[in-house]
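Have it open alongside as you read.

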Amino acid sequence: MQKIVKSATAGTLESSDVYVELTPSDGGNEIEIESVVLAQFGDAIRKSAEAVLKQFSIENAKLKLIDRGALDCVIRARVETAVLRAKEG
Amino acid sequence: MSKIVKTLREAIELAGLKDGMTVSFHHHLRNGDYVLNLVMDEIARMGVKELTVNASSLFDTHAPLADHIRSHVVRKIQTDYMSAALGRQISTGLMQEPVEFRTHGGRPSDIILGRTPIDVAFIAAPAADEMGNCTGKLGKSACGSLGYAFADAQCAKKTIVITDNLVPYPLENRSIPETDVDYVVVVDAIGDPNGIVSGTTKITRDPVGLMMAQTAAKVIQASGLLKDGFSFQTGAGGASLAAAMYLKQIMLAEQIHGSYGLGGITGYLVDMLREGCFRELLDVQCFDLKAVESIRSDPRHMEISGERYASPSAKSAAVDNLDVVILGATEVDTDFNVNVHTDSNGYIMGGSGGHSDTAAGAKLAMIIAPIMRARLPIVTDRVTCISTPGSTIDVLVTQKGIAVNPARSDLRERLKAAGLPVKEIGELKEIAERITGVPKKIPQGDRVVANVIYRDGTLLDSIYNVPQR
């Protein structure tokens, strides 16, 4: 398991982008999603965010996504960037 | 004799406004309009209740109507267009009675046929004389054409002109004549000039938009319609304007002399008139200052009424002779039905305006739209709301290809022969979904919040409430 040791952000609030905030949490991963396409893609966004956290074996992240209609590849890239900025070492 | 009444309240009293009646407004002052709110606030203070408001369009500036709905001053709304500020509240269940959406042609038709009688019409007039002759071409609040107000003034039981610019009688070159007007009220300001017309309407700089616009112009060129006598309408959206710019280049290069440009008129259509692409502009509404200046000074730029623009029950209307119209869409489905009433989450944020009127009249009705907006594909299995029936749409232009209505195999062959990227509409849907993923269906409420009435008076579709989580 890798640890989130500090807060980090990635992305912007521009249309077609997603703004990601990552902070350390005490118990397990916690994901909060705000999106202009929540009804259409809310589940897909959550799944992609969880997949990236799992890929980096992160288990103590509080992740907030403010989505402005970003494509899946953008969501994964922004979450990955935030993870790399926030983890130890 | 003079028709001037000292206060708005006195005019409303003289007009005999009572509970349950219908008042009407036109929208040429657009988001700069003060008159609708001024009148409705006064009516509320007078204690009149349960009114129907028939407005040719409602903009964000008219959001205070929501308070008058809550306090039962307003019971029902009839309109051709409603922007998001009020639309969102309607979609979440603000009103008991469903909103009645008509088209810019259907509205004057129904007023003139007596299907939607008006008790008191309020005409916001940038210039008027004391007998009520009025025009939109002059004054600090000049808006150009008053096209949509003609049927109201002509058919309402009482007509009140409200102006901030009283001129000596008789006003030359009037739009609405004194024969239709009962009372004239002078106020400090009928609107905010900054909201009435945009200084300039701008062509898009977005490369995707420019690419679609270029394709749109090529489609028109290949359609066989672009020849002397050509008639044309386009919206004020960035990509539509860019299409007009490319079309102008083709017309000038090939020395094609069109007949008329129609509709809401922008500076780009004015340029096309001046450079000889058209002989005349038929103008029901001005979108920018250049159009206002042109309708004031150029006799080839003519004001027309909403009835002459698009009424389906008039003996003829300008849309009937239209060759090409370029239109927008929030959604298009695989049967070519178009939604311009709601956003992709089901909230009301627009309306037909002249969309379905021009689509029905034009020989070539073209939708121009990006294949996806943010993460939402433009092509769906079924649009959230049918604003314009697919049977009247000929072609959809996107940056990833062109889809032609299967009923127009002649057009399809012409476009293919010209080497244009023709695809099936289902293919455009799949191309977008490969990039975005397949969107889940949005939840729909079980209560009708608005009915969309087609230009012939039939019910085209109903809009349901958006359930709140």
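Predicted model: local features only at pLDDT ≥ 70, side-chain atom pairs only at ≥ 80, totals over all residues.

Chain A and chain B bury about 1,200 Å² between them, while inside chain B the two domains bury about 1,700 Å². Over all chains, a search of the whole structure turns up 30 salt bridges.

**Where chain A meets chain B**

- On the contact count, 17 residues of chain A touch 15 residues of chain B.
- Carbon and sulfur atoms account for 58% of the area buried between these two chains.
- Three residues do a lot of the covering on the chain A side: Gln40(A), Phe41(A) and Leu71(A) provide 50% of what chain A buries against chain B, more than any other three residues.
- The interface has one salt bridge by the rule used, and Asp43(A) and Lys440(B) form a salt bridge through their side chains at 2.5 Å, N to O.
- Two elements of chain A give two or more residues to the side touching chain B, namely helix H1 (38–55) and helix H2 (72–86).
- H1(A) has the largest share of that side, with seven residues.
- By residue type, the chain A side splits into 10 nonpolar, four polar and three charged.

**The two domains of chain B**

- Domain 1 of chain B is made of two segments, 8–56 + 104–196, and domain 2 covers 207–440.
- Taken over C-alpha atoms, the centres of the two domains of chain B sit 31 Å apart.
- Each side puts in its share of contacts: 21 residues from domain 1 of chain B and 21 residues from domain 2 of chain B.
- Of the area buried between the two domains, 54% comes from carbon and sulfur atoms.
- His104(B), Lys137(B) and Ser145(B) supply 30% of the area domain 1 of chain B buries against domain 2 of chain B, more than any other three residues.

- Val197(B) is in the loop between helix H7 (193–196) and helix H8 (207–222) of chain B.
- Val197(B) counts as buried because its relative accessibility is 6%, under the 20% cut-off.
- Beyond residues up to four places away in sequence, Val197(B) touches Cys286(B), Phe287(B), Asp288(B), Leu289(B) and Val292(B).
- Gln221(B) belongs to helix H8 of chain B, and is partly exposed, with a relative accessible area of 33%.
- Setting aside neighbours within four places in sequence, Gln221(B) contacts Leu226(B), Ile250(B) and Glu254(B).

**Salt bridges within chain B**

- Asp182(B) and Lys158(B) pair up at 4.0 Å, N to O.
- Asp182(B) is in the loop between strand S8 (158–163) and strand S9 (183–186) of chain B, and Lys158(B) is in strand S8, 24 residues apart.
- Both partners are partly exposed, Asp182(B) at 25% and Lys158(B) at 27%.
- Glu293(B) forms a salt bridge with Arg274(B), with the closest N and O atoms 3.5 Å apart.
- Glu293(B) is in helix H11 (residues 289–297) and Arg274(B) in helix H10 (residues 267–274) of chain B, so this pair ties together parts 19 residues apart in sequence.
- Glu293(B) is partly exposed at 36%, as is Arg274(B) at 42%.
- The side chains of Glu424(B) and Arg412(B) make a salt bridge at 3.1 Å, N to O.
- Glu424(B) falls in the loop between strand S23 (422–423) and helix H15 (425–436) of chain B, with Arg412(B) in helix H14 (residues 409–417), 12 residues apart.
- Glu424(B) is partly exposed at 42%, and Arg412(B) is partly exposed at 21%.
- Shared partners link Glu50(B), Arg75(B), Lys76(B), Glu97(B), Glu100(B), Arg102(B), Asp110(B) and Arg115(B) into one salt-bridge network.

Conventions: Residues numbered from 1 in each chain as written. Chains lettered and ligands numbered in written order. Heavy atoms only, no water. Contact = heavy atoms within 4.5 Å. Buried area = accessible area lost by both parts, 1.4 Å probe. Helix = DSSP H or I, 4+ residues; strand = E, 2+ residues; numbered from the N terminus. Nonpolar A, V, L, I, M, F, W, Y, C, P; charged D, E, K, R; others polar. Domains from an automatic or database assignment. Buried < 20%, exposed > 50% of the residue type's maximum accessible area, 1.4 Å probe, protein only.
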